Amino acid sequence: MSANLQLQSVAGTNCPKTAGVKELYTIKVEDLPTIALGSSHDITNLVFAVAGNGFGKINFKRGECEVTESMERSNEVNVNFAVANPTKEQRKELTEIRNACEQYMVARLYDLDTLLFIGYDEESLEEGFVAFASFESTSGRAKTDDNLFSMTMKAEQGEPLRILSGISGASTPASTPAAIVAELIAATSI
């Protein structure tokens with residue numbers, strides 16, 4: 001039996017890939033006591049424990065950070081990131097992230113400015129926190145190799161990641177990615 005496949009040409013653009021995480025925000029669970037879920041598998045509000053005590057921010061070049069989801073019975077989420085030639089200050093901050101037992105993270109993606117909220121879901125009764133999984137550091141072998149510090153954070157959730165679509169309780173309600181990330185740092189929603 002022969003198969004008759006007909007592929008039709010489609011006009012399109014050959015654009016470079018835009019994947020990856022542009023910015024990663026992290027906060028201890030105790031500093032974010034209330035999360036409001038929306039009806040479209042999103043998060044519509046965050047309430048901070050203390051005004052001005054918001055998320056910490058890490059910036060990445062393309063290819064230095066990724067978020068992966070793998071779901072069988074639960075959704076295993078890994079946040080993998082690398083810091084080339086880390087300074088002593090950066091190593092201290094990475095150690096603080098590692099030592100924070102339960103935390104939430106928001107990954108701002110390069111494509112479409114999507115904000116993925118990691119570490120919270122309704123099905124796991126709020127117990128899908130992000131925690132340290134592993135790290136690896138290398139000095140490099142060749143003259144052109146970077147000293148590289150690579151870290152993996154992990155969360156087990158009962159559902160796919162939610163999109164952070166707004167922070168309605170902010171002093172000025174935030175609904176665009178730029179306004180939302182500004183509020184993640186400013187933390188006026190208390």
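Good morning. I begin with Ile167, which is located in the loop between strand 11 (162–164) and helix 2 (177–186); helices (H or I, at least four residues) and strands (E, at least two) are DSSP runs, numbered from the N terminus. The model is predicted, so local features need pLDDT of at least 70 and side-chain atom pairs count only at pLDDT 80 or more, while totals for chains, interfaces and linings use all residues. Residues are numbered from 1 along each chain as its sequence is written, and side-chain values use heavy atoms, with hydrogens and water left out.

Is Ile167 buried or exposed? Ile167 counts as buried because its relative accessibility is 0%, where buried means under 20% relative accessible area, exposed over 50%, and partly exposed in between (1.4 Å probe, protein chains only). Setting aside neighbours within four places in sequence, Ile167 is in contact (heavy atoms within 4.5 Å) with Thr44, Asn45, Leu46, Pro173, Ala174, Ile180, Glu183, Leu184 and Ser189. From C-alpha to C-alpha, Ile167 is 9.9 Å in space from Ala187, and the two are 20 residues apart in sequence.

Four strands form an open sheet in the order 5-6-10-9, with antiparallel pairing; two strands pair if DSSP finds at least two bridges between them. Strand 5 (65–71) and strand 9 (131–138) are the edge strands, each pairing on one side only. From one strand to the next, the twist averages 15 degrees. Here axes are lines fitted to C-alpha atoms, for helices over the stretch in contact, and angles run from 0 to 180 degrees between N-to-C directions. Strand 5 and strand 6 run antiparallel and are joined by seven bridges, and Glu66 stands opposite Asn80 in strand 6. Helix 1 packs on the sheet, where it touches strand 6, strand 9 and strand 10 (148–157), and its direction makes about 20 degrees with that of strand 10.

Asn78 is also found in strand 6. Asn78 counts as buried because its relative accessibility is 16%. Apart from neighbours within four places in sequence, Asn78 is in contact with Glu66, Val67, Thr68, Thr152, Met153 and Lys154.

The next topic is the largest pocket. How much space lies in the largest pocket? The value is about 520 Å³. On a 1 Å grid over the protein atoms alone, a pocket is an open set of points where a 1.4 Å probe fits, with protein on both sides within 12 Å along at least five of seven lines, and lining residues have an atom within 4 Å of a point. The lining of the largest pocket has 23 residues, of which Thr26, Lys57, Ile58, Glu93 and Ile97 lie nearest its centre. Two or more lining residues come from each of strand 1 (21–28), strand 4 (56–59), strand 6 (75–84) and helix 1 (88–99). Helix 1 gives the largest share, five residues.

Finally, two loop residues. Asn85 lies in the loop between strand 6 and helix 1, and its phi is near 50 degrees, a positive value in a residue other than glycine. Asn85 is partly exposed because its relative accessible area is 40%. Leu112 lies in the loop between strand 7 and strand 8 (115–118), with phi near 60 degrees, again positive in a residue other than glycine. Leu112 counts as exposed because its relative accessibility is 79%. Most residues other than glycine have a negative phi. Thank you.

Methods:
Grid points are joined across faces, edges and corners, and a volume is the space filled by probe spheres set on the points.
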